[in-house]
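Here's a quick tour to read with the model open on your screen.

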Amino acid sequence: MLKSLMANKAKEELEQEIVDKEEEKERYLAERAPPMHSVSMSLAQLTELCKELHSKIAVVDEERYDIEAKVTLNTREIKDLSIKVLDLRGKFKRPSLRRVRVSADAILRSLLGSKHKVSMDLRANLKSVKKDDTEKRPVEDSDWRKNVEAMSGMEGRKKMFDAAKGPAQ
């Protein structure tokens with residue numbers, strides 16, 4: 001019940017607002033553009049009227065241009081100030097970037113053009129590693145607990161200190 005009453009009241013207000021706008025528009029047009037009686041005018045009077053209307057149009061166009069220039073200036077200023085505010089806050093809007101995978105050949109093709117066929121073999125420039133060196137190392141199969149017990153306490157630290165000091169002498 002209450003909702004329907006509110007909806008009816010809002011509808012009436014909207015209709016009244018539309019009527020008020022129409023009346024305001026008619027009043028403004030009557031003030032700015034009075035009705036013309038061009039039927040009873042001579043050719044000289046019509047040309048004079050055309051010149052007057054043309055000058056009024058020129059004035060209105062100048063005002064419109066000035067207002068548009070002010071609006072664009074204000075929008076630029078607003079954008080600059082909003083950027084400054086974001087800088088002061090330290091919050092930047094970072095665009096979401098996508099990872100693009102491009103091979104070295106594709107990069108060279110885009111730089112040099114499709115006529116030049118250059119292939120870049122990156123694996124050819126790598127150093128070769130001998131696998132024999134890794135196999136020659138002896139693997140210690142000792143119990144790690146014995147080593148921990150031998151090095152624990154002050155005696156173990158003394159052994160480590162003497163071992164480090166010994167070869168230097």
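## Salt bridges

There are three salt bridges in the structure, a salt bridge being a side-chain nitrogen of Lys or Arg within 4 Å of a carboxyl oxygen of Asp or Glu. Keep in mind that this is a predicted model, where local features need pLDDT of at least 70 and side-chain atom pairs count only at pLDDT 80 or more, while totals for chains, interfaces and linings use all residues. Residues are numbered from 1 along each chain as its sequence is written, and side-chain values use heavy atoms, with hydrogens and water left out.

Helices here are DSSP runs (H or I, at least four residues), numbered from the N terminus. Glu24 counts as partly exposed because its relative accessibility is 43%; the cut-offs are under 20% relative accessible area for buried, over 50% for exposed, and partly exposed in between, using a 1.4 Å probe and protein chains only.

Asp61, Arg64 and Glu68 are linked in a network of salt bridges. Asp61 meets Arg64 with the closest N and O atoms 3.7 Å apart, and for Arg64 with Glu68 that distance is 3.2 Å. Asp61 and Arg64 are three residues apart in α2, while Arg64 and Glu68 are four apart in that helix. An α-helix has 3.6 residues a turn, so residues three or four places apart point the same way.

How exposed is Arg64? It's partly exposed, at 44% relative accessibility. Asp61 is partly exposed too, at 35%, and so is Glu68, at 41%.

## The helix and its end

Just after α2, Gly90 takes a positive phi of about 85°.

## The largest pocket

The largest pocket has a volume of about 370 Å³, that being the space filled by probe spheres set on the grid points, which are joined across faces, edges and corners. On a 1 Å grid over the protein atoms alone, a pocket is an open set of points where a 1.4 Å probe fits, with protein on both sides within 12 Å along at least five of seven lines; lining residues have an atom within 4 Å of a point.

Helix α2 (residues 43-89) gives the largest share of the lining, eight residues. Among the lining residues are Arg32, Pro34, Met36, Leu53 and Glu63. By class, the lining has eight nonpolar, no polar and four charged residues; Ala, Val, Leu, Ile, Met, Phe, Trp, Tyr, Cys and Pro count as nonpolar, Asp, Glu, Lys and Arg as charged, and the others, Gly among them, as polar.

Terms used. Helices (H or I, at least four residues) and strands (E, at least two) are DSSP runs, numbered from the N terminus.
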